[in-house]
Amino acid sequence: MMTLVMPQQWATPHRQRAMALVIVLWFLALLTLMVGALAYSMRVETQTVSNAVVSARGRAVGEAAIFWAIAEMAKPEDERQVLEDGTPFEWEFGGAKVTITVLNEAGLVDINTASRELMAKLFTDLGGLEAEQVDALLDAITDFRDQDNVRSLNGAEDEDYEAQGLPGAKDAPFESVEELQRVMGMTGTLYRAVAPYMTVYSHSSGVNPRYSPRGLLLVFADGDAAAVDSWMAERAEAPNSAMPAFGQGMFAPSRRNSYRITADSGFPDGTGRIRVSATAFVYPQQQPPYVINAWREQVPGAGAVVDDQGIPSQ
Ligand SMILES: [Ca+2]
């Protein structure tokens with residue numbers, strides 16, 4: 001049987017000291033690693049806190065921009081710096097640069113009250129739908145918001161939704177643009193294409209082209225950019241000029257005290273970027289002088305951080 005015999009020299013004081021040194025060196029190496037890890041984690045934490053501060057400042061600037069724009073809309077029109085037709089306005093606040101746009105919602109298409117022709121034009125041109133698809137979708141929209149449970153010719157009421165395992169028709173007017181996504185036949189692609197031009201606050205059968213964004217005017221002009229730009233130049237010069245030559249039958253000369261406001265802000269070094277959007281009623285003679293109907297905060301590339309219904313992403 002083999003016996004393991006420890007060599008005599010292992011036991012000498014010299015060897016013991018060498019072993020102790022090795023252990024101390026290992027311990028030091030371990031300690032260095034731990035200190036390094038701690039320093040790294042502190043750096044990450046400091047960076048996280050500093051990012052949070054920048055992002056809080058960015059949000060505060062975006063929110064300030066919305067309220068500044070509301071205050072602008074409460075002024076008489078000839079005293080305002082910001083137009084209500086979506087023309088971008090460059091604003092600076094708290095060291096950040098902000099691009100503000102304001103749209104009077106009379107320039108948008110009301111899902112509850114727009115004429116069938118107007119919505120058909122939008123769905124056909126922006127969504128690329130065929131005539132029968134447009135018919136079915138318009139019938140489904142009517143059924144979704146009307147109180148009865150009687151299906152229109154190509155529409156959809158509760159039993160059609162149930163058959164597909166979907167929540168039923170609302171049987172009441174739309175309260176936000178986002179509810180359009182619940183209508184049978186509405187696809188994500190179509191919704192994203194039309195939502196920026198739709199509203200629930202215009203209460204008109206047509207749109208007022210004085211306040212319509214360029215993308216919507218292009219639909220009415222069948223893509224004729226020159227005609228649209230010429231009309232936009234005209235309306236900028238003379239707000240009470242005649243209606244455009246294109247888009248016959250789509251317009252109504254209404255005006256609302258409801259505004260869709262968007263503020264894109266960020267600091268010059270590229271940090272703190274955020275888009276804050278809101279819809280607000282403005283009542284200059286009342287207290288409080290405004291009511292916020294919807295609010296959304298979106299960090300580019302990170303989705304919505306605050307989304308209080310009603311504002312579609314654009
Ligand atoms: Ca119904």
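The model is predicted; local features need pLDDT of at least 70, side-chain atom pairs count only at pLDDT 80 or more, and totals for chains, interfaces and linings use all residues. Residues are numbered from 1 along each chain as its sequence is written.

The chain has seven helices and eight strands (DSSP runs numbered from the N terminus; helices are H or I with at least four residues, strands E with at least two). Its C-alpha atoms fill a box of roughly 110 × 55 × 45 Å along the principal axes.

Strands S1 (residues 89–93) and S2 (residues 96–104) pair in the antiparallel sense over five bridges (pairing requires at least two DSSP bridges). Phe93 has Ala96 of S2 as its bridge partner. Two residues lie between the strands of this hairpin, and Gly94 takes a positive phi near 55°.

Helices H2 (residues 116–127) and H3 (residues 131–145) pack at about 125°, with axes 10 Å apart (axes are lines fitted to C-alpha atoms over the stretch in contact; angles run from 0 to 180 degrees between N-to-C directions). H2 is therefore oblique to H3 (angles under 35 degrees count as roughly parallel, over 145 as roughly antiparallel, 65 to 115 as roughly perpendicular and the rest as oblique). Arg116, Met119, Ala120, Phe123 and Thr124 of H2 meet Val134, Leu137 and Leu138 of H3 (contact means C-beta atoms, placed from the backbone, within 7 Å).

Key
Contact = placed C-beta atoms within 7 Å.
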